[in-house]
Each structure stands twice: as C-alpha cells, then as structure tokens.
Amino acid sequence: MRAGFRLGTAGRLWPAQLALQVLEKSVEKAIQEDRFGDLIDAVARRRDKAAFRELFRHFAPRLKSFCQRGGGSSEAAEEIVQEAMVSLWRKAGTFDRSRASASTWIYTIARNKRIDTLRRAGKPALDGDDYALARQAPMEERPDGMLEAVQSQEKLRSLLQDLPREQRLVLEKAYYEDKTHSDIAHELGLPLGTVKSRIRLALGRLRISLQGVES
Amino acid sequence: MIAHHLPLDMLVDYAAGSLKEGPALMVASHVALCAQCRTQVAAFEAVGGALLEEVRPAPLSEGAFERALAGIDSRPPAMPAPASQHDLAAILPLPLRRYVPAKARWKHAGGGVREIGLKLGEGPHLAVLLRIPGGGVMAKHRHTGLEFSLVLQGAFTDRGARYAPGDVCLAAEPEHEPLADAGVDCICLAVIDGPIVLTGRIGRLLNPWLRLKAKRAAARR
Ligand SMILES: [Zn+2]
C-alpha cells in the first residue's frame, strides 16, 4: 500500500479512498493489458502460435490503420503490418516489460519497419534493436518498472482522450503521419514556435516530464 | 556527466519516426550514450504506443494471418548486426558502427583535420566523422542550416562552452571555430543540415570532400 491512502471514518469515502478505487480499476485494466506482455513472452519462450494469433488479432488491424493514416495505400500498409508481425515473432525475446508496455514495443517495431520501407532504396534503417543493444549507459532507475510501464500506458490513454483538439491534432500529425515539427508548421501555416509549444503543452498534459528543456 | 543534450523537438520527431536518416543517426548515437535522453525518448515512444491503441482497427485482407504464419516459418531468425572491425569500434556507439566500414580510412581535410565520410541513403544531410588533433582548431566555417557535433573522444571548446564525450554541440548560423583540448585527438560525429560555407584563410582551401557532398546534397533536395 502506498503512502497517502487513508481509510475514511464513519463510512464516508474520502477522496483518497475514491482515488484508491480508481487506481484499482486501472490496475485491473493494466493487468488485462499486460496480457499482451504475457502473450509476447509465450511467443518468446514457447514459440506459441496461438499466442501469436491473439497478438495478431489485436495489433495487426490497429497497425494497419496507423500506417494508413500516413497516407499510404491499403496494400502498402498491410505489407508493413506483415513485416512488423514477423519481426515481433522473431524479436519477442528482446521484449522487456520493465522498459515498455506491449503496445509501445510493438509501436516501435512498426515505426522502424515503416522507416525501412521508406529507405529501402538506401541503407536499412537504424533498427530499434541496435539501439536496444547500444544501451551503454544504464536506463534511469525505475523500481517496479513493469507495473509502472503498464499503468502509465493506461493513464496515458485516458489523458490523451482529454487533450484539447488542437494539441491532439499536432500529436497525431507527428505520430500517425510521420511529420516533423517543421512539416507540421508548414502544413498548418503556423509558426514553428507555435507547433513546438503545442506539442510541449500536449506532452505536459500527458504528464511526461520534460527534462533539460532548452530554448 | 553529459551536459549538452539534443533539442526536445528532435527527440519527439525521432520517437514519432519522422526524422530523416542523418538526424536520426545523430539522435540514435547520442541516445546510446545518454540515459537522460533515452528515458525521454522512451516516454515519447509510449505516446506512440497509446496512440496505436487509440486508432480504429482497419480490417485486413483475407488470409493475412496465414501469410504472417508463412512468413515466420520461412524466414531465418535475424542475425545480429556484424560488429565493425574498424579500429574505432570501441568508441562508436552501436547505431553508428554500421556506417563505418572496416576499411574506412581517415582522409586529410586540411589544417590537420581528418575525416571519414558516412554514406546516407536518404535526405539532404551530410554525416561525417571528424578528427581534430589535440589542441587543434577546426577551420572557421558557417552553414546555412544546423550543424550537430557529438563528441566521441577527447573534448573541444566552442563559443565558451566545453563539450566532452556524449555531449552534443548545436551550431546554428554564426561562424564558429571549435578548439580541441590538448591531449588525445578529438573525434566527433557531425551531421550537417544544409550546405557548409567555409570561411577564413584555411577554410577556403579546405575540405573539397565536404564541398562536393554539399553540392550533391543541394542537388538531391
Ligand atoms: Zn542527452
């Protein structure tokens, strides 16, 4: 039990208790969400095709939709989905739930596949694995990393839903449509500084701490 | 202790997957050395994960799952990237290694500075390893875009700030003239966005390679 939650007296629910109930709900959801983490582990440990099928059923249609938001054709999006899912199968052993939730990990795989496709003519993209292997400096300490990564994923989603529309829009352009800050500024006819501050405001609302922010 | 980091918006763009190869190489290399920026990138990637859960699923074509199954059965497992045999490998962060072939040699760039050009498959950027002798000066130059230099070995001072391994020096418009610390050679990864204009006496003679690359990059735009 964490500090800060005290039982109320005389049958009244104190705000802290309400908060506890909400927390329990989100933990429930979190556990539910981490089912995907378990499935990835099953793929890693037992090469479990049933687990793979379940992952495919959940993630493949979302990945397809995600890729299509960037303006690609249905065929091109499916091609990336195929590559990403095969990659998931192969790299399942590198999944580490103390570092990322299942959906975040799968997001990075698909993102890298999409970059690969764009750069196919040239050199294979900087693979996420490279950078996973490249951890020469330790990640910042995260006690209880696993629960935290999963919980914060749930929290993130609900905070995302509450974002003001203009902030959500710039985030979607950045993530779904692969647009840089300057691309977005250009497209929306906004000064670059405005786009920067909208994205920062959005990240702030998502309670992502922005360290060492310069300029 | 890393004191000079990458701009936040560049880390967001990297996590969102929108950076071109040159700046992406810069971010991946810095992030390999810097726990703070890596944690930050991981947080931005989590936004990507949450947005992935938020999209409305799109139906896949028939037989998509069977194709994936065929894919996992037919392809060999990924081989780990071969480690570069280059002498520099020990100081190169992993994402950078594959850009430095074992047979890459330092070329004189004038003024005692040497360089290894890195091949990018995409985008208008230039990427180069620079080696400035201990106590030496990189010729005065300016660029129309941004120049990022990531220190891999040694250290240098530029416009009053000191940059040590892992630090990134971001030089925008004005001319600058980095000065390496005495001692070991200073080795940096430099990624340049936009043609470089060499100024000063040495600069005019210097660096035909960079000039050529700059012309090509301008033509690719
Ligand atoms: Zn950093």
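Among the 93 residues of the largest nonpolar core, Y175(A), L118(B), L129(B) and L189(B) touch the most other members. A nonpolar core is a set of buried Ala, Val, Leu, Ile, Met, Phe, Trp, Tyr and Cys residues joined through side-chain atoms within 4.5 Å. Buried means under 20% relative accessible area (1.4 Å probe, protein chains only). The model is predicted: local features need pLDDT of at least 70, side-chain atom pairs count only at pLDDT 80 or more, and totals for chains, interfaces and linings use all residues. Residues are numbered from 1 along each chain as its sequence is written, chains are lettered from A in the order in which they are written, and side-chain values use heavy atoms, without hydrogens and water.

A second, separate core has 15 residues, including V128(B) and A190(B).

Helix α8 (residues 165–175) of chain A is largely enclosed by the rest of the structure, because eight of its 11 residues are buried. Among them are V170(A), L171(A) and Y175(A). Helices are DSSP runs (H or I, at least four residues), numbered from the N terminus.

The axes of α8(A) and α10(A) (residues 192–205) come within 9 Å and cross at roughly 105°. Axes are lines fitted to C-alpha atoms over the stretch in contact, with angles from 0 to 180 degrees between N-to-C directions. The two helices are therefore roughly perpendicular (65 to 115 degrees). E166(A), Q167(A), V170(A) and L171(A) of α8(A) contact R198(A), I199(A), L201(A), A202(A) and R205(A) of α10(A) (heavy atoms within 4.5 Å).

Conventions
Parallel < 35°, antiparallel > 145°, perpendicular 65-115°, else oblique. Buried < 20%, exposed > 50% of the residue type's maximum accessible area, 1.4 Å probe, protein only.
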